[in-house]
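Please read them with the structure open beside you.

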Amino acid sequence: MSLDQLIHKCKSNDTKAQSELYQLYSSKLFSVSLKYSSSHAEAEDNLQDAFITIFDKIKQYKNKGSFEGWLKRVTINTVLQRYRTQKVFDIVNEEAIVDENVEIEEDDVSIDFLLKCIQELPDRYRLVFNLYVLDGYSHKEIADMLAITSGTTKSNLARARQILKEKIVEYKTGLNSQSL
């Protein structure tokens, strides 16, 4: 069955087609969900919520643009909606923001360690960091998506970078002291 046929059947609430769509995209969308979730279990819950939303809104997909891109966008918005309702963001004074660019050498830490550190960030920092650094959204787009100010996104990004820098320095210091 072609992707267009699968989408058409999903729009008609065909459960076999929905199951096939889930099988086709669940692993890719799980990685998107995991990026924005604080744990594996939370990512699984978010993925299920995302697929409920996908099947509910699939009639809105007009076969324009990438279907996978549409799925990712729905998944991200579903996860972000959970955080919007939790009010995890602080109001900040935009003039007090110090944005330190943290440079990390590729061989300083493993990607697994870095991903673990990102996942351990508080929700507000993790969401903004992922949207800005990993997905390339602008501060204005993030502010609109999360219903916060651009200043708050900048502050949360700066704080996320600072926390990550501290964890990496601590990790590298621990490695250096073990090798002595």
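The points below go from the overall fold to individual helices and then to particular side chains.

1. This is a predicted model, and the comments should be read with that in mind. The secondary structure of the protein chain comes to eight helices and zero strands, and 38% of its 180 residues count as buried.

2. Helix α2, which covers residues 15–36, has a kink of about 55 degrees centred on Ser 26. At the start of this helix, a side-chain oxygen of Asp 14 comes to within 2.8 Å of the backbone nitrogen of Lys 16. The buried residues of α2 include Leu 21, Tyr 25, Ser 26, Leu 29 and Phe 30, and Ser 33, which also lies in α2, is buried with a relative accessible area of 0%. The C-alpha atoms of Ser 33 and Leu 80 are 9.9 Å apart in space, although 47 residues separate the two in sequence.

3. A search of the whole structure finds eight salt bridges. In one of them, the closest N and O atoms of Lys 28 and Glu 68 are 3.3 Å apart; because Lys 28 lies in helix α2 and Glu 68 in helix α4 (residues 67–86), the pair ties together parts that are 40 residues apart in sequence. Lys 28 is partly exposed at 41% relative accessible area, as is Glu 68 at 23%.

4. A second salt bridge joins Asp 135 and Lys 35, with the closest N and O atoms 2.7 Å apart. Asp 135 lies in the loop between α6 and α7 and Lys 35 in helix α2, so this pair ties together parts that are 100 residues apart in sequence. Asp 135 has a relative accessible area of 28% and Lys 35 one of 24%.

5. Glu 120 and Lys 116 also form a salt bridge, at 2.7 Å between the closest N and O atoms, but both residues lie in helix α5 (residues 111–120), four residues apart, or about one turn of the helix. Salt bridges that share partners join Lys 28, Glu 68 and Lys 72 into one network.

6. On the surface, Tyr 132, Val 133 and Leu 134 form a nonpolar patch with about 220 Å² of accessible area together. Tyr 132 is in helix α6, residues 123–134, and is partly exposed, with a relative accessible area of 30%.

Key:
Residues are numbered from 1 along each chain as its sequence is written. This is a predicted model: local features need pLDDT of at least 70, side-chain atom pairs count only at pLDDT 80 or more; totals for chains, interfaces and linings use all residues. Side-chain values use heavy atoms; hydrogens and water are left out. The bend at a residue is the angle between axes fitted to the seven residues ending there and the seven starting there. Helices (H or I, at least four residues) and strands (E, at least two) are DSSP runs, numbered from the N terminus. Buried means under 20% relative accessible area, exposed over 50%, partly exposed in between (1.4 Å probe, protein chains only). A polar contact is a pair of N or O atoms within 3.5 Å; within protein, one must be able to donate a hydrogen and the other to accept it, and residues adjacent in sequence count only if both atoms are side-chain atoms. Patches are made of residues with over 30% relative accessible area and no salt bridge: like charges are joined within 9 Å, nonpolar side chains (Val, Leu, Ile, Met, Phe, Trp, Tyr) within 5 Å. Accessible areas come from the Shrake-Rupley method with a 1.4 Å probe; for residues, only the protein chains shown count as cover. A salt bridge is a side-chain nitrogen of Lys or Arg within 4 Å of a carboxyl oxygen of Asp or Glu.
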